[in-house]
Amino acid sequence: MPAVCTAAELLTLVAKLKIEDSYAKAAEALATLTEDKNDEAIRRRVADADATPKLCKVLEAFVEGIKLHADALREKEAKEARYDQARTFLKNATDAFDDAEEKKAKAGDFTEADEEAEKKKGGSSSYNPLELAKEKKEEYFKAQRQKEFDSAQEAKTEAERLEKKALKERDNSIEHEEAMLNRRIYLEMAAASTLQVLINISRSKPNRLLIDQCGCVAPACRMLDMSLKREVFERSVMLLINCSTGPELLPVHQHILEAGGVPRLVEMLKLGPGQATAHRAIQVLSLISLNDGVKDAFRDTEGAFEALAAMLGAEQDGLYVKHAALCGNHLCEMNVPNKLAFMEHGCIPPMMALIKRGPTSPLTDIVVHTITSLAVGNELCDPVITNSGPLPYLVDLIANDLNPKLTLPAVTAVMHMAREDADAKQILSIAGVIPKLKALVNKDTLEEKQAAKVTEKAISGLSNLANNSVACQSALAQEGVLEVIKGMMEVVPPNTKMAQVCLAFAANFALKNPDTALAVKEADMLPLIAYHHLNGRALGTKESRAALIALGSVVNEIQESADFVGGMFSQILLHECLEGAPDGSISIPEGLKDEMTMFRKELGAELEKMRAKFRGKSSKMGLELDSAAANMMARVTGRKSIKTEVKEMEKAKRLAAQLAEAQALEEMTLLAGASINAGDFAPLARKAHDARKARVAKAARDAAMAVKAEEEAVEREEAEEHAAKEKEVLEAEEAREELRKAQADAAKSKAAALKEVSEAKAAKKDWEAAQKAVAAKRDHFERERLKAEKSIRDTRAKYTMESAALRKEVAALETALVGATPEAKDAIEAKWAASKDAALAVERKLLPDGDDDIKMYELQAAEFEAAKGGEIVASLEAVVAEKKAIYEKEQREADQAESVKTAALDQEQVAKLSAKKEIKEARVAELQASRSVKRITEKKARLAAGLSADSMLSERDKAQSACCVVM
């Protein structure tokens, strides 16, 4: 066939594809026509000539021929088996006929064995030899042998008929099988050429989908049978490679799966890395393995992952290794069972070893993506990956000048590997991943999509490194990563993925580590974190929850952080972040959770009203307690004890304080919403916090001044009541002047007399006490002097005894010296000299001024002797003289008072009758005064309990005013 043909010739070739006898020649001619790889036009013309559906019919005819030949082969085998059965039946029937014929010839001769055999047959006509005579028996056996002969003859005739029929059927099936085999061989040749045509035209991408739509993929998959001619199944693989290449050909992948192509491809794959067929099979699998069904079918095929591991670990290099790596990556994407199977069948180590080929190798890119595929949604493979040793090479790929495009995949893989495995964290840290990831975090590149994505993954990787790893947290702190993250948080927009990863880093960096939590606080990051929470608080965004967790991680470890958050952003936010934070050193007080829950439920509607006012820019900008305050103060009204009123007012104050916290949180939320970013929000939040503290301080001062004014008013009232009482008493005294004067004079005289007598007695006691003091002091000095003298005597006696003992020892040594040997003489002389010197030292202490202790005791004795007539005793004697003079004076005055007392008692007796009346009137005035005191005392008690001194209604009005929150 010429390389160039007319349209009519092409149509003639295509038309021949309709006739089975011309399949092979037409397909071979089309294969020759389309064999030029660079001739796109002829491939397009063949496709436009509607050749593809007819080529598909050829493949289907071959598949059908395979099936028909298989059916014919099975039928042939069945017919041969049936013929064998017929021959066996004929042989048995012939043997039975010969036996029956022999027995018929000897029918009159019968033996006891024949009789026994006849009796065993049984039945209605059972043989009974006792009832028959001998001649009867002979007739009986002749008749029986004739029946058996006739039956055997019929069976033999039937067996001969069946044998002839089975022979004919066998011969027909053999002829049919040979015909089907010849047809299959012819169609196999035609199919090989047809496959080549399809391969040629599939080099044009538009034709690939057309080939699939015409149904060529299914028969091609069924021809992936290595029992066929090699060129058939290999060309089928090549066709599938072409038709599966391209993102628009995803339907082809599904059709290969549905046609059962995956198990057949795996069987080819099992041939091993040394076979080209296996290379092509792994290429097809690498193209279609993104299909979820293909992933499951591959896993369900026995030995599939073992064959894949063999391809990955091939010693020889080749393109098939790349296809094997791609296939492994695709199989593990979003399929946890495949990940586990990939790990269990030993595919991870050879796959990870491919990363050692350097950053410029395409295999390295595949391995990096495979690490991510294995790690996503699965932590079981992490230790195996770590132990396979790719992590240092993975770190080296970050920001590698030889292949910058690998930075994002490498950072993504590091992010996943740094999640939980402690060994992976350690290896990554030692390999220097922290400074590399830090260098990728740049707040100036947020506008560039690709750079921002790299930054986001880098921060996520740093966050995963910090999670539950004190060593990595310390390394991150030393590298100064926190300052870089702070810079990002200042400019990153709220409620974005970038904000979420920054917040996650802050939470993990401070988690269960007081040192790093303190670093977060000292870096002044708490307002930045709070900004991101407040911006998404109303909608409950992921970023808002992440910020709440980050705040909880810090305040859980550092008390000062808890105080800061509670003071600036309200206790409500503090309690919420503590509820959502991991367990730490700070806990929510007992019962506070229930209280906060009840508070949120009760005030939900009121807060919504307040938010509505804020959104509408209401000029009032306030929140009133409406039903809550009204219901509470309704309980306060009425006569109740101070304790009950205090309890009710404490509830009102607590509610007001909680509402103030809610108002502070709402104010910060509005401020966060109005701020451009966290960096803009932080100074504004501090300014608002300072202003709020100033307002609270001013309110406290005003309240203190109000309380002071009320206390002064009560004191004035008390003074006025006291003045009124005094006035009434004075008027009563004027009315009873005479009686009171007499009683006063008598009482005064009695008092004066008693006073003077008491003073005289007291003065006498003082005089006597002073005398005793002088005598006691002199006795004390005397005792101390005697004690000092005794000490002197005791000391001298001790020294005298020591001297005598030493002198006695000297004398003994002198006696021992006489007649002593020369050797002992020196020792005795040394002891004699030492004892003599000691005796002289003791005797010198007995001399005047020879011993310091004796000298000290002598000085003490002299001092105490002089003290007996010294200044102390003299001053005491002067006091005695003074007390004596006072006593004599008081005694004279007491005598005079006694005389006055006697006269006054006489006058008092005369005035007793008139005094009774005046006493009764005084009691009435006292009763009125006690009532006034009781009323004033009750007011003071109310003030002391924190209540108003006014009436209950005034108290209710004041409480309602205090519970009104005004911004």
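Which elements cover the buried residues of α18?

## Helix α18

This is a predicted model, in which local features need pLDDT of at least 70, side-chain atom pairs count only at pLDDT 80 or more, and totals for chains, interfaces and linings use all residues. Residues are numbered from 1 along each chain as its sequence is written, and side-chain values use heavy atoms, with hydrogens and water left out.

The cover of the buried residues of α18 includes α15 (319-332), α16 (336-344), α17 (348-353), α19 (382-387), α20 (391-396) and α21 (407-417). Helices are DSSP runs (H or I, at least four residues), numbered from the N terminus. Eleven of the 14 residues of α18 are buried, so the helix is largely enclosed by the rest of the structure; buried means under 20% relative accessible area (1.4 Å probe, protein chains only). Among them are L363, I366, V367 and I371.

## Ends of α18

S361 caps the N-terminal end, with a side-chain oxygen 3.2 Å from the backbone nitrogen of L363. After α18 comes G377, whose phi is positive, near 70°.

## Aromatic pairs

There are six aromatic pairs in the structure; rings of Phe, Tyr and Trp (its six-membered ring) pair if their centres lie within 6.5 Å, and planes under 30 degrees apart count as stacked, over 60 as edge-to-face and the rest as tilted. Y531 and F681 make a tilted pair, at 5.4 Å centre to centre and 40° between the planes. Y531 lies in α29 (residues 526-536) and F681 in α36 (residues 678-735), 150 residues apart.

F569 and F681 are stacked, at 6.3 Å and 20°. Both F569 and F681 are buried.

Methods
Buried means under 20% relative accessible area, exposed over 50%, partly exposed in between (1.4 Å probe, protein chains only). Helices (H or I, at least four residues) and strands (E, at least two) are DSSP runs, numbered from the N terminus. Contact means heavy atoms within 4.5 Å. A polar contact is a pair of N or O atoms within 3.5 Å; within protein, one must be able to donate a hydrogen and the other to accept it, and residues adjacent in sequence count only if both atoms are side-chain atoms.
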